[in-house]
Each structure stands twice: as C-alpha cells, then as structure tokens.
Amino acid sequence: MPGLVDTHSHVGGGRGGDSSAPVQPDVRILDSINVRDAGLRKCVAGGLTTLNIMPGSGLLVGGQTVYVKLRRGNTIDDILYRDADGRPLGGLKMANGTNPQRDAPFPGTRGKAAAIVRQKFTAAREYRRKMAEPDESKRPPRDLEMESLGECLEGRRVVHHHTHRADDILTVLRLREEFGFRVVLHHVSEAWKVTGELARAGVPCSVIIVDSPGGKIEAMDMSLATCGLLEEAGVPCAIHTDDPITDSRLFLRSAALAVRAGMSREKALEAVTLAGARMLDLQSRVGSLEPGKDADIVLLSGDPFSVRTKVLGTWVEGVRVFDLDSAEDRLLAVGGYGAGRDQHAEWCCAGGDYR
C-alpha cells in the first residue's frame, strides 16, 4: 500500500516557541529537530513515510511546522520537502482552548485568545499592504512574525490548528472566514457535534483516536465515531498520531478503530494516506500508488486493520528504509520506549513546560 502520511507528529525532539509570548510565528521547528532521534526510525517501522512535524500547542501560535520525508538522512536538510524555489515546506501551528491559557501576556480566557489572534492577523494584513509600497524607502523593516502570518493570508502556508471543543472549533471557523487563511483542524474531539457546520465551511479535519479514558477535560466528549460521522457529512478526514500521544508504530490501529466505530474501510485507508497528503498539499507526490508519484511503499503481512498484521518493509522513493528481518530494525519495531536509543518527547503542557 502507499506510504502512510501523518499530518501531526512531534517526533525528533524538537521544540518551538517558548513562554516569552503567546504568538511566535517566526519560530521554525526545523531548527530544533534531531534527525537521529529514534522516534523517526520507529515511524518507518510503522509504515509512515511522510510527517508534518509540529511545535507544541501551549501557544496561540507555536511556530512553523515542517513537512519531512523519512529518507535516511544525516541532517534535517536530507529529509525536507521543498518547494520549487528550494524553500522548506510547512504550515503554521496554532492552538486554542485550555492549552494556551495562563497568566499575562498569555490569554486567561477563550475570548481574549481569539482577540489576540485577531489583532495579530490584522497587523499582518496591514504589514502586507505596506510591503507592497513601490517605493522601497517607505516600506517597514522586515518583520519575520508578520511575514509568516502574511504567508497564511496569501494561502501559501496552511494553518494547522489544535482545537477540541465544539465552541473552539467554531471560533477557528470564524477567524478563517474573517481573514481567509487555509486551515486544517486538528484533534477535533467534539467535531461530531458540529459536522454540519464543518461541512458547510469545507474545512478538513485531522483526527486523533484515543481509546482509553483520561487526558484533558476539554477532550472528555471525544468519540471513536467522529471519523465515520465526518465521512457521512462529507467532511475531508485524515487521522494522525500526535506521537508520542499515540505510537507511530500503531498508526494503522487508529484507522482500524475508526472502522470499528463506523468509518468505511475505503475512507479509513484514505485517512492515513491520500487525505493527509492533500492536507499538506503533497497529493501530487504521495498518498497513492500511481505512475509519476514518489515510490513510497509499505509491505504488510496481512489486512491493514488486523492487530495481527506486521509491517514487513517500508520504502521511501524506492529505497528500503525498514526491514523487519533486520535485527536493528526489528528492535525499533517491537522494542519499548528508548529502544535503540532514547527518544525525546516534546511535552507541550506538562511540568510547566509550554513549548
């Protein structure tokens, strides 16, 4: 089958923005990723070949994400997706709900969170207007924050937005309507409550599937039926790991749980391949097995949705990057946390670390 596409991951030990301000669109997660982190090798053991690696969700804007292809590489440059001009491809991580709420200068309420974001995008809109001034001497100094937000306003950079509650989801839709940025909604624990609104907005959703109780209060109404209900409403739906929240090696299991709760097998397979590729604007290269696309391939021992099925091999651009018969690769496929080498997780909301 095609190599799996994960639209939301935190592997590589990277950290984005810090606690100095709630909006940091100038920060790039690619400047902080360790390509030798064992988490990347565990991804290919699960059949993943393309990732959207994100900063954490402790900020309203946590920084720029990066799209990577899991070739064997010695540096981050070896695994980047790039545009025609050679620039790294990625989106912009944003968040609302409880994660970014704390003492000033951070918002203490949902209303203030939306106000801060609205103010920043308004400033970015004005910055773009001034930068279009023909007389260079009248243009403002280069501002990396405004530049990044401006790329979202221009549609060149997709907003990847962490959101859980139904009211938070609708807040993002209002901001998207006001400023016109492209957005993918991530997690969407309560999307099942507002499928009609999501369908009318035509906004895609990337869903996390967690099958055990606990976690944050705003996710208490999470439902395994969400993907099936989004499919029924005609909302584009992908599935993600949020690794280390769920293990990349068990990615297909998440899709299997969605099928068990009502999603069709066809759409569940699409949710871990082509649907995610579309959300990253990479559908011309990955997500399906077609002539002219990258040869990113996963070989399975059986039904993709069976717990007995194993990933036998993973290929990226026609080069084998995982082989279950290899002792080293098998350790990464079946070993526990730290197998091979220690894996460093980004905990965006634990122990006072909001990065």
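Histidine 187 is buried, with a relative accessible area of 5%. Buried means under 20% relative accessible area, exposed means over 50%, and partly exposed lies in between (1.4 Å probe, protein chains only). Histidine 187 sits in strand 7 (residues 183–187). Its phi is near 80 degrees, a positive value in a residue other than glycine. Helices (H or I, at least four residues) and strands (E, at least two) are DSSP runs, numbered from the N terminus.

This is a predicted model: local features need pLDDT of at least 70, side-chain atom pairs count only at pLDDT 80 or more, and totals for chains, interfaces and linings use all residues. Residues are numbered from 1 along each chain as its sequence is written, and side-chain values use heavy atoms, with hydrogens and water left out.

**Backbone features**

Aspartate 242 also has a positive phi, near 55 degrees, in a residue other than glycine. Aspartate 242 is in the loop between strand 9 and helix 7. At 9% relative accessibility, it counts as buried. That loop, between strand 9 (237–240) and helix 7 (251–260), also holds proline 244. The peptide bond from aspartate 243 to proline 244 is cis. Proline 105 lies in the loop between strand 5 and helix 2. Most residues other than glycine have a negative phi, and most peptide bonds are trans.

| Feature | Angle |
|---|---|
| Histidine 187, positive phi | near 80 degrees |
| Aspartate 242, positive phi | near 55 degrees |
| Aspartate 243 to proline 244, cis | omega near 20 degrees |

**The chain as a whole**

The chain has 10 helices and 12 strands. Its radius of gyration is 20 Å, close to the 20 Å that the globule rule gives for 355 residues, so it is as compact as a globular protein of that length. The radius is taken over C-alpha atoms, and the globule rule is 2.2 Å times the number of residues to the power 0.38. The C-alpha trace spans about 60 × 45 × 45 Å along its principal axes. Buried residues make up 54% of the 355 residues. Among contacts (heavy atoms within 4.5 Å) with a separation of 6 or more, 68% join residues 24 or more positions apart. The chain exposes about 15400 Å², and carbon and sulfur atoms supply 50% of it. Accessible areas come from the Shrake-Rupley method with a 1.4 Å probe; for residues, only the protein chains shown count as cover.

A pocket is an open set of points on a 1 Å grid over the protein atoms alone, with protein on both sides within 12 Å along at least five of seven lines; a cavity is a set where a 1.4 Å probe fits but cannot get out; lining residues have an atom within 4 Å of a point. Grid points are joined across faces, edges and corners, and a volume is the space filled by probe spheres set on the points.

About 790 Å³ of space lies in the largest pocket. It is lined by 34 residues, of which Arg87, Pro88, Glu151, Arg156 and Arg157 lie nearest its centre. The lining divides into 13 nonpolar, 6 polar and 15 charged residues. Ala, Val, Leu, Ile, Met, Phe, Trp, Tyr, Cys and Pro count as nonpolar, Asp, Glu, Lys and Arg as charged, and the others, Gly among them, as polar. Helix 3 gives the largest share of this lining, 6 residues.

Helix 3 (144–153) is mostly covered, with 7 of its 10 residues buried. Its cover includes strand 3 (61–64), strand 5 (92–95), helix 2, strand 6 (159–163) and helix 4. Glutamate 151 is in helix 3. At 15% relative accessibility, it counts as buried. Glutamate 151 touches Arg156 and Arg157, not counting residues up to four places away in sequence.

**The cavity**

The count comes to 1 cavity of 30 Å³ or more. The largest cavity has a volume of about 60 Å³. Its lining has 7 nonpolar, 3 polar and no charged residues. Asn96, His161 and Thr171 are among the lining residues. Helix 2 (110–131) and helix 4 (166–179) each supply at least two residues.

**Arginine 165**

Arginine 165 is found in the loop between strand 6 and helix 4. At 27% relative accessibility, it counts as partly exposed. Leaving aside neighbours within four places in sequence, arginine 165 is in contact with Arg110, Glu190 and Glu218.
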